[in-house]
Amino acid sequence: SFERRLEQFPPDLIALSAMTGTFDMGINLLKKFKSKLKCKVIVGGVHATIAPEDALMPDIVDFICVGEGEELMVELCDCLSKGKDYRQISNLAFKKKSGIQVNKLHSFVNLDELPTPDWSIFDSRHLFRPFMGNVYQGSFYIMSRGCPYSCSYCVSKLMRQTLKESGSHYRFQHPTTTIRHLSDFKKRYNATWFKFADDSIMSMSEKFLEELAEGLAPLKINFGCSVRPETTTDRKVALLKQMGCVAMSFGIESGNEELRRKVLNRTMLNKQIEQAIKIINNYGIRISTFNMIGLPEETRDNVFETIRFNKRLNIEAANTYCIYPYPGTEVSKKYNTKLRDGKGEIILLENASVFALSKMPPLEVEGLLKTFNLYMLLREELWPVIRYAEENTEVGMDIFDALVKYSRELLKAKHSK
């Protein structure tokens, strides 16, 4: 347990990395053992960068890291261990009587100079990954940092603006670095499955992917990745397949082109998505989609445009979320959303329907979230029955459970042929 670890190894510094949705969880854990903490606490990650005032608000937080923390952590630990003044360390922010001070930012770290990530510090049980009925060893890996796109609901544009002093936010390491790291992982941990967490792997050039494929193919690994239709080409998909790609995640977000363009700033056309899916299917790569509902101005009919579009594409796995207006994003600013509720708590991602941005009531959004895949997988004659499964009642839950079981049986039968 965390408490036992604090007793066994009294730390000099606790570093918490948090996204917006997990920030309060981490802070509440630290508060629970406040009496046992005899050290400084620093918070880093996306939330500290996009909402520094909020991240510094808890009394238990001494510092935050704005932007990248590799160099900051070394400097801060050195200052604390030697009793030196830490107040001028780049990327550091802390409270003052007059407010908060955010120091100047240092240049972005050279990704090729970073060592292979040390997985040995984690419980080995975290290195098992299920995929299509099998279990593999491996975990997440990222070759790049940042994203070249400016989706209105995403923090990438805000991160670019906040950290522009540090240099070009979107960058990626040399293929030889990735090849070296993944070779180390396979040798040290028998890792053969990876999820590339890069925002869009096909944004990289063909030349980059060719060099990567040449080095990764001999490793005989499997991996999944995220892609965008605008950058999907036959040649790039072929190279990813060659190096071990078995799964791709694809952001449709909405089946309504106008909503996708005007609300989300995603300009791709449905025909581009269909063409990209066709290319990927030709290589036998499993496809899952990302979809959002509860969009500003969205109606129930718009949600079913998204469902029918996935259905037309023969998608079997649709990841569906309610849009979350992260602080500082275009969506948050336009619709003046609040990060915290009346109790002062950050609204959780699973409760995002309470932002009530769409033309549907929150309960209807939640019901559609729950049943999205049922509508997508089952024939339309069953849709009136699925409608009852949207309801959060005993009868609705019983119908939902029965339909989920039926859907699984259909998919099992389909893949056993």
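Which residue forms a salt bridge with Glu364? The partner is Arg300, and the closest N and O atoms of the two are 3.0 Å apart. Here a salt bridge means a side-chain nitrogen of Lys or Arg within 4 Å of a carboxyl oxygen of Asp or Glu. The pair links distant parts of the chain, with Glu364 in helix 14 (residues 362-377) and Arg300 in helix 12 (residues 300-312), 64 residues apart.

## About the model

This is a predicted model, in which local features need pLDDT of at least 70 and side-chain atom pairs count only at pLDDT 80 or more, while totals for chains, interfaces and linings use all residues. Residues are numbered from 1 along each chain as its sequence is written, and side-chain values use heavy atoms, with hydrogens and water left out.

Helices (H or I, at least four residues) and strands (E, at least two) are DSSP runs, numbered from the N terminus.

## Salt bridges

Side chains of opposite charge can pair when their charged atoms come close. Searching the whole structure gives 26 salt bridges.

One of them joins the side chains of Lys36 and Glu3, at 3.6 Å from N to O. Lys36 sits in the loop between helix 2 (20-32) and strand 2 (40-44) and Glu3 in helix 1 (residues 2-8), so this pair ties together parts that are 33 residues apart in sequence. Lys36 is partly exposed at 34% relative accessibility, and Glu3 is partly exposed at 31%. On this scale, buried means under 20% relative accessible area, exposed over 50%, and partly exposed in between (1.4 Å probe, protein chains only).

Because Glu68 lies in the loop between strand 3 (63-65) and helix 5 (70-82) and Arg145 in strand 8 (residues 144-145), the pair ties together parts that are 77 residues apart in sequence. Glu68 is buried, with a relative accessible area of 10%, whereas Arg145 is partly exposed at 24%.

These two residues belong to a network: salt bridges that share partners join Glu68, Glu70, Arg145 and Arg171.

## Cysteines

How many disulfides are there? The count is zero, taking a disulfide as a pair of cysteine sulfur atoms within 2.5 Å. For Cys79, the nearest cysteine sulfur is that of Cys77, 9.6 Å away. Cys79 is buried, at 8% relative accessibility.

Cys154 is in no disulfide either, its nearest cysteine sulfur being that of Cys151 at 6.1 Å. Cys154 is partly exposed, with a relative accessible area of 29%.
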